[in-house]
Amino acid sequence: MALLRSLFDFIGNDNKLDEKLGLTEKQKKLVHNTWAIVRKDEVLVGVTVLIAYFKQYPESQKEFKSFKDTPLDELSKNKRFQAHCANVIATLGKVIEQMHDPELMEASLINFTEKHKTRGQTQQHFENLKQVMLDLFPSLFGKQYTAEVQEAWKKTLDMIFSKISQVYTD
């Protein structure tokens, strides 16, 4: 009987809602599992995300003094750009890894956002980046990008970017 109860608890935990994050345990697992794909080549994924961002919002590239004048088709070879891209992905990865500790995750997001806010980054910049990422996820995650994964990521990014927005509104 104890074995059945343990099995039921294990299966039932997937649907348990983490009230602080607004995600079920299953959604958190889906996010972690698909993020493993990104971690295989953080530089390439970061370059892909930021080039897509600059293509959609060309004026944003001008805010980066170390590669503001680099032609878009040459950016992927620029080491300073690659380093920045890797940092973007690593920061998001850190936040994802901290989902087990929502208070730590929130503190990390606040620190990150405050630094960017003092550099002139706006809430709209972050919203634009969120949309670019959501648009890229199907190609990044390939056949693992199911409707369930899409829902988990949308909720995750909504939660992350709502924390970022709080820094701008507080």
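# Pockets and aromatic pairs

In the second largest pocket, helix H4 supplies the largest share of the lining, namely three residues. The model described here is a predicted one, with a mean pLDDT of 91 over the chain and with 93% of the residues scoring at least 70.

**Second largest pocket**

- The volume of the second largest pocket comes to about 270 Å³, and its lining divides into three nonpolar, four polar and four charged residues.
- The residues that line the second largest pocket are Glu 63, Phe 64, Lys 65, Ser 66, Phe 67, Arg 80, Ala 83, His 84, His 116, Arg 119 and Gln 121.

**Largest pocket**

- The largest pocket has a volume of about 600 Å³, and it is lined by 25 residues, of which Val 88, Thr 91, Phe 112, His 116 and Phe 126 lie nearest its centre.
- Two or more residues of this lining come from each of helix H3 (42-56), helix H4 (79-97), helix H5 (102-118), helix H6 (123-141) and helix H7 (147-169), and H4 gives the most, with seven residues.
- By residue type, the lining of the largest pocket is made up of 14 nonpolar, eight polar and three charged residues.

- A search of the whole structure finds 14 aromatic pairs, including one between Trp 35 and Trp 153, which counts as tilted because the ring centres are 5.7 Å apart and the planes stand at 45°.
- Trp 35 lies in helix H2 (residues 25-39) and Trp 153 in helix H7, so this pair ties together parts of the chain that are 118 residues apart in sequence.
- Both partners are buried, since Trp 35 has a relative accessible area of 2% and Trp 153 has one of 0%.
- Phe 67 and Phe 81 form an edge-to-face pair, because their ring centres are 5.0 Å apart and their planes are at 80°, an angle that falls over the 60 degrees required for that class.
- Phe 67 lies in the loop between H3 and H4, whereas Phe 81 lies in helix H4, so the pair ties together parts that are 14 residues apart in sequence.
- Phe 67 counts as buried at 2% relative accessibility, and Phe 81 is likewise buried, with a relative accessible area of 0%.

**A loop residue**

- Gln 98 is found in the loop between H4 and H5, and it is buried because its relative accessible area of 10% is under the 20% cut-off.
- When the neighbours within four places in sequence are left aside, Gln 98 is in contact with Leu 104, Met 105 and Ser 108.

**Confidence along the chain**

- Confidence in the chain is lowest in helix H1 (residues 2-13), where the mean is 53, and highest in H3, where the mean is 97.
- H3 is also one of the helices that give two or more residues to the lining of the largest pocket.

Notes. Residues numbered from 1 in each chain as written. Predicted model: local features only at pLDDT ≥ 70, side-chain atom pairs only at ≥ 80, totals over all residues. Heavy atoms only, no water. 1 Å grid on protein atoms, 1.4 Å probe; cavity = no way out; pocket = protein on both sides within 12 Å on 5 of 7 lines; lining within 4 Å. Points joined across faces, edges and corners; volume = space filled by probe spheres on them. Helix = DSSP H or I, 4+ residues; strand = E, 2+ residues; numbered from the N terminus. Nonpolar A, V, L, I, M, F, W, Y, C, P; charged D, E, K, R; others polar. Phe/Tyr/Trp six-rings, centres within 6.5 Å; stacked < 30°, edge-to-face > 60°. Buried < 20%, exposed > 50% of the residue type's maximum accessible area, 1.4 Å probe, protein only. pLDDT = per-residue confidence, 0-100. Contact = heavy atoms within 4.5 Å.
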